[in-house]
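Me: Please take a close look at the pocket lining in this model, and tie it to the parts around it. I would like the cut-offs stated as you go.

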Amino acid sequence: MGYSTKKIWYFDKPGSGNTQDALRIATERAKELGIRSLIVPSTSGQTAKTASDTLQGTEISLIVVSHVVGFSSPGVWEFDNKIADELREQGVKIITGTHVLSGLERAFSSSPKIGGGSRSEAVAEALRRIIAIGLKVAVECTLIAADQGVIPVTEEVIALGGTASGVDTVCVIRPSHTSRFFDLQVREIVAMPRER
């Protein structure tokens, strides 16, 4: 049986202070593996802008996944419109999608009339707590991107996630659509916070 060895980076602490390094590490691994798509979560647009600057001069496509309109306040999209316009001019794809590992389920579990957890929220919590919050984010953003057709499910992607803001987790993922969730494969964890 064959095997390969890969380097894994462990950040001392989670958080936005790791963003520059995570993006550099992600870009390097994408180049090593010939991966053409990098998926980054961004709420305000700042992480997306940093990712776009990092990818300048490469052939790697940037896909940004933002919160849906109304995530934190009804009718409000948190992404900075000026940054969105600049990124779109550069060819960056910005997509929004309901959090597939919570979405409608959260409405039920947070309701005082219904209450209780859901299976999809249990999956999300397991990814968050057992491995890293950023892993949950990276998986969810990959599912959203596949469901919206901006990445093929036949090619590996580099997906990033973070803890609160910025990015601190880097993964190589073979995507799937949400309806085929168990076909998704996290093939490499390239970087993550060691302490959570």
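Reply: Helices (H or I, at least four residues) and strands (E, at least two) are DSSP runs, numbered from the N terminus. This is a predicted model, in which local features need pLDDT of at least 70 and side-chain atom pairs count only at pLDDT 80 or more, while totals for chains, interfaces and linings use all residues. Residues are numbered from 1 along each chain as its sequence is written, and side-chain values use heavy atoms, with hydrogens and water left out.

At least two lining residues come from each of helix 2 (46-55), strand 3 (61-66), helix 6 (133-147), strand 5 (157-163) and strand 6 (165-174), and helix 6 gives the most, with six residues. By type, the lining of the largest pocket holds eight nonpolar, 17 polar and four charged residues, where Ala, Val, Leu, Ile, Met, Phe, Trp, Tyr, Cys and Pro count as nonpolar, Asp, Glu, Lys and Arg as charged, and the others, Gly among them, as polar.

The second largest pocket has a volume of about 190 Å³, and its lining includes Ser52, Leu55, Ile60, Leu62, Gln90 and Lys93. Helix 2 and strand 3 are the elements that give two or more residues to this lining, which divides into four nonpolar, seven polar and one charged.

Leu62 also belongs to the largest nonpolar core, a set of 28 residues in which Leu38, Val40, Leu62, Phe79, Ile158, Leu160 and Val170 touch the most other members; such a core joins buried Ala, Val, Leu, Ile, Met, Phe, Trp, Tyr and Cys residues through side-chain atoms within 4.5 Å, buried being under 20% relative accessible area with a 1.4 Å probe and protein chains only. Among the elements that give this core two or more residues are helix 2, strand 3, strand 5 and strand 6, although its largest share, five residues, comes from helix 1.

Note on methods. 1 Å grid on protein atoms, 1.4 Å probe; cavity = no way out; pocket = protein on both sides within 12 Å on 5 of 7 lines; lining within 4 Å. Points joined across faces, edges and corners; volume = space filled by probe spheres on them. Buried < 20%, exposed > 50% of the residue type's maximum accessible area, 1.4 Å probe, protein only.
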